[in-house]
Amino acid sequence: MIGRIVISDVSPVVSCGQWPAKAVVDQQIPVSATVFREGHDLAGANVVVTDPEGREGVFRRLAFIGSGTDRYETTITCHEQGVWTFRIEAWADPIATWRHAVEVKAQAGQDVVEMAVDLEDGAELLEVTLPGIDPVHQTALAHAIATLRNEDLLDIADRLAPSLAPGLVAALDAAPLRKLLTTSPEYQITVDRERALYSSWYEFFPRSEGASLDPPRSGTFATATKRLPAIADLGFDVVYLPPISPIGEVNRKGPNNTLTPGPDDPGSPWAIGSRLGGHDAVHPDLGTLADFDAFVARTRELGMEVALDLALQCAPDHPWAKEHPEWFTTKSDGSIAYAENPPKKYQDIYPINFDNDYAGLYAEVRRVVHHWMSHGVRIFRVDNPHTKPVRFWEELIADIKKTDPDVLFLAEAFTRPPMMHTLGSIGFTQSYTYFTWRNEKAELEEYGHELVEAAWHMRPNFFVNTPDILHAFLQYGGPAAFKIRAVLASMMSPSWGVYSGFELYEHVAVKPGSEEYLDSEKYQYRPRDYSRAPLNPYLKMLNRVRSEHPALHQLRNLQFHFVDQPQMLAFSKRDEDTDDCVLVVVNLDPHAAREATIYLEMPALGLDWGETFDACDEVTDSSYNWGQANYVRLDSFYEPAHVFSVKYRR
């Protein structure tokens, strides 16, 4: 039933309050609502914020932001991790209503005689307010009351002046007289640490670091640890590892996904489990659990952290397949069904069936997650979560975060939009996206707008490539294509990721029309020589710019600008608190130079339409005097993008 004062369209709210909105510690969170009542009397609104311990914050009033819209808003900040709640309180504001009425009447020429009742009404309202106002304003309020009743003052302006003084008005607005109090439902906000929103990921296979092809030999955690300083030097803060558990021997895959492995072929890390152990074990070729602990410790020393793959599937010889056959789907011939995504076949993997023993599976997966948490893992990249029940993830993530709110979960779900968005809503901290397949200007702008609209429930992570996805743009675009995609990913999204080999321009697919790499690292060792990686300085520059500019740590501030060239994209991000602004212009054609005129939305940059500014290019160290309309030429052979730091002339 609707309240005495109408409260509607509260934000941020996800699915009518079914799930919490998302925020990070110390983020400025805009809270708004539509609030109105019948007639001409004025209403007011405030937000009540409750921290994870149940403590309510101070009174915070919402500001009226537009005549005719009945919209009110403010910003709140949550200073610790956990689940916060907020509610909107709306109320009749008799003092503001009185103040507005007497101002209008006085301006219309009514005198003290005609307004005698109004003056006494005001005095009585202020008397009711007197006990609750800040003591520093009580003298001024008492003076205003006395003046309203001072019949020796015959000028209406003199009688009203103390009551309308800006200082007293502000004090009364901060401690209003609230009548007909109406309360909205309570809504939740899950507050994570900053890395939930802002992060730079680097994915690599430990078994390829220090590996040998002749004779075949796996790298180890010890050899992989030697790679960590170089990753940290590039500015990445999350090191993502594919599964590190023992790999199945039954139906093991050979090079390029063949069914005929040799005796020394290592198989796919996602074919988890063998006679050597399951999800809670370390592959002996990589070392021991103590070696993994040392790898995690070194990562932390370098200012990074480990993200570990959580893949809920099994090789045919995983201990679960023998001990819990009810956890899988049995076919009519009595065999367990292997994974398929036609036309792809994964004969080395059994998918899990949650419908036969949900409670048993839940308990086991929870145990596995806590096992790796106890060894320093606070981020999990979840493989194919869309192939498991959504209810399972909602319960598991809430369970984990109840005691460990700093644990983050990234959903690797390249699937239908409703599933992707729902996984974000029910608790996944970040989500893979369709960015890899968005390469044209119109689709990048459309997708950027979509992600901004979804920001309260789904945080994107723009991976430029993955072991599974080598887009045709990278296959045939040359070195410029790698720069273009890196700029777009790192500047558009507060979180982005790179799979190793990107910095070496690895671009050869297994066959035409495929997005699979030739000699894929999923099925074999792939030692690399990073000493001459041509893209390393560029990646380092991008991560440095991200680190130095708070505007790039956010998503909802993404603003596109008009460019009269279909192969050129321009967008900006601005942080109002720090007045930090970054403007990016990208030539989306990796094969040719393009030129255009860019027409900037100056207010989005914090400028008036006629102002100018210094556009300082972080890529080339050049600087330009820019205004609302600007000519640009970008040659992909030399440099396909400008990354401008906006310097104001104030």
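Analyst: Accessible areas come from the Shrake-Rupley method with a 1.4 Å probe, and for residues only the protein chains shown count as cover. On that basis the protein exposes about 27,400 Å², and 52% of this area is supplied by carbon and sulfur atoms. The model is predicted: local features need pLDDT of at least 70, side-chain atom pairs count only at pLDDT 80 or more, and totals for chains, interfaces and linings use all residues. Residues are numbered from 1 along each chain as its sequence is written, and side-chain values use heavy atoms, with hydrogens and water left out.

User: Why is V510 called partly exposed?

Analyst: Buried means under 20% relative accessible area and exposed means over 50%, with partly exposed in between (1.4 Å probe, protein chains only). V510 has 32%, so it is partly exposed. V510 is found in the loop between β24 (495-499) and α16 (536-548); helices (H or I, at least four residues) and strands (E, at least two) are DSSP runs, numbered from the N terminus.

User: What makes V508, V510 and L518 a nonpolar patch?

Analyst: Patch residues have over 30% relative accessible area and no salt bridge; nonpolar side chains (Val, Leu, Ile, Met, Phe, Trp, Tyr) are joined within 5 Å, like charges within 9 Å. A salt bridge is a side-chain nitrogen of Lys or Arg within 4 Å of a carboxyl oxygen of Asp or Glu. V508, V510 and L518 form such a patch on the surface, with about 190 Å² of accessible area together.

User: How do you know that the span of helix α1 agrees with its number of residues?

Analyst: The expected span is 1.5 Å times one less than the number of residues. For the 14 residues of α1 (residues 94-107) this gives 20 Å, and the end C-alpha atoms are 20 Å apart, so the two agree. α1 is followed by G109, whose phi is positive, near 100°.

User: Which elements do the buried residues of α1 pack against?

Analyst: Contact means heavy atoms within 4.5 Å. The buried residues of α1, among them W98 and V102, pack against elements including β8 (82-92), α2 (116-129) and β9 (179-183).

User: What makes up the largest nonpolar core?

Analyst: A nonpolar core is a set of buried Ala, Val, Leu, Ile, Met, Phe, Trp, Tyr and Cys residues joined through side-chain atoms within 4.5 Å. The largest has 148 residues, and L241, W393, L488 and W496 have the most contacts inside it. Helix α15 (residues 478-492) gives the most to this core, with 9 residues. A second, separate core of 20 residues includes L583, A596, L600 and F644.
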